[in-house]
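This report concerns the structure shown below. Please keep the sequence and the model in view while reading.

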Amino acid sequence: MDRRKIILDCDPGQDDAIAILLAGRHPRLELLGITVVAGNQTLDKTLKNALHVTQHLGLEVPVYAGASRPLVRETQATAGEIHGESGLDGPVFAPLAKKAEEQHGVWYLIETLMASQGDITLVSCGPMTNIALAMRLEPKITSKIKELVFMGGAYGLGNVTPAAEFNFYCDPESARIVLNSGCPMTMMGLDLTAQALCTWETVQRMKKASNKAAELFCDTMSFYLEREGKQYGMQGGPLHDPACIAYLIDPACIKTKPMYVQVDTVQGMNYGRSVCDYYEVMKKKPNVNVAVTLDAPRFWDLVENGIRLYDEERER
């Protein structure tokens, strides 16, 4: 079986950490590199988190620092109220020895895609600033992207404002550039990720794997679930970003619907909102496959299997 080549663009983040975990060892995926953007926390923190996660899991994958601020908006939104002061509160990591690559993440994206045969999938789990900048600097990369699978937006309610999902709200202008790029793309919005609800029972289930990946999952999710409960009154926490990786590993666990999707970049109550033409009333050609239904039992089996790929016996 050919392994699907992917580059993961992210802003770790507890759920980003689990996305890295799932992508790092799965035999169906080849994780070429990780580019990091500001989002869940400032870039210095999200970069450090990506390095800690890859070091902890023993993943020999290069990590690149990308954009430290949005493309247009003046302020950088962060989510410390959910992800903590570090952006990845919960686990206690060993001293950091791994270093980021010297090349800027945007140039890494451009050079890697331009040198490819059009066989690389981009996975976006944070604000789309790095990808939008790469598309603006070298428009030819658009035709080199096999598929863009992203966590962002919603066809229903937002989670940072009544209208906007966090990743899109952080940098709506970049999201608009990417959605209008014409490359094949699949969206994991809040409507889908709300169906991937991690509970305390889920944490106990994953704990039984008793390896370093299970430790990371349980430590990150224990903090995350407590914060989600305080912020939204939930009995669990949506595992947003890993839905992108699950879709690539097992597309059958997620059903999608083609829609025309646009991003509101007008300053006001709807700033950052993803407008999804669910009923095709605009009669425009769909530009995004929007995920609508998750097979939750199948998803959690996939997560557990991904964690067990880090068993010491399999490492040897």
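The sections below treat the sheet, a central strand pairing, selected helices and a pocket of this predicted model.

## The sheet

Eight strands form an open sheet with mixed pairing, in the order β3-β2-β1-β4-β5-β6-β12-β9. The edges are taken by β3 (63-65) and β9 (254-259); each has a single partner strand, so one side of each lacks a neighbour in the sheet. On average, neighbouring strands of this sheet are turned by 25 degrees against each other, direction ignored.

## Strand β4 and its partners

Strand β4 pairs with β1 in the parallel sense over five bridges, and β4 and β5 likewise pair in the parallel sense over five bridges. Leucine 122 in β4 stands opposite isoleucine 7, and its bridge partner in β5 is leucine 148. Serine 124 stands opposite phenylalanine 150 in β5.

In general, side chains in a regular strand alternate between the two faces of the sheet. In β4, Ile120, Leu122 and Ser124 point one way, whereas Thr121 and Val123 point the other way. Five of the five residues of β4 are buried, so the strand is largely enclosed by the rest of the structure.

## Helices

Helix α1 (residues 14-25) is mostly covered, with ten of its twelve residues buried. The buried positions are Gln14, Asp15, Asp16, Ala17, Ile18, Ala19, Ile20, Leu21, Leu22 and Ala23.

Helix α4 lies across β1, β2, β3, β4 and β5, and runs at about 145 degrees to β2. In helix α5 (residues 129-137), the buried residues are Thr129, Asn130, Ile131, Ala132, Ala134 and Met135. Their cover includes the strands β1 (4-10), β2 (29-36), β4 (120-124) and β5 (145-151), together with the helices α4 (105-114) and α7 (172-179).

## The largest pocket

The largest pocket has a volume of about 240 Å³. Two or more residues of its lining come from each of α1, α3 (80-83), α6 (166-170) and α10 (212-232). The greatest contribution is that of α10, which gives four residues.

In total, 22 residues line the largest pocket, and Asn40, His83, Asn159, Phe166 and His240 lie nearest its centre. By class, the lining comprises nine nonpolar, six polar and seven charged residues.

Conventions
Residues are numbered from 1 along each chain as its sequence is written. This is a predicted model: local features need pLDDT of at least 70, side-chain atom pairs count only at pLDDT 80 or more; totals for chains, interfaces and linings use all residues. Side-chain values use heavy atoms; hydrogens and water are left out. Buried means under 20% relative accessible area, exposed over 50%, partly exposed in between (1.4 Å probe, protein chains only). On a 1 Å grid over the protein atoms alone, a cavity is a set of points where a 1.4 Å probe fits but cannot get out, and a pocket is an open set with protein on both sides within 12 Å along at least five of seven lines; lining residues have an atom within 4 Å of a point. Grid points are joined across faces, edges and corners, and a volume is the space filled by probe spheres set on the points. Ala, Val, Leu, Ile, Met, Phe, Trp, Tyr, Cys and Pro count as nonpolar, Asp, Glu, Lys and Arg as charged, and the others, Gly among them, as polar. Contact means heavy atoms within 4.5 Å. Two strands pair if DSSP finds at least two bridges between them. Axes are lines fitted to C-alpha atoms, for helices over the stretch in contact, and angles run from 0 to 180 degrees between N-to-C directions.
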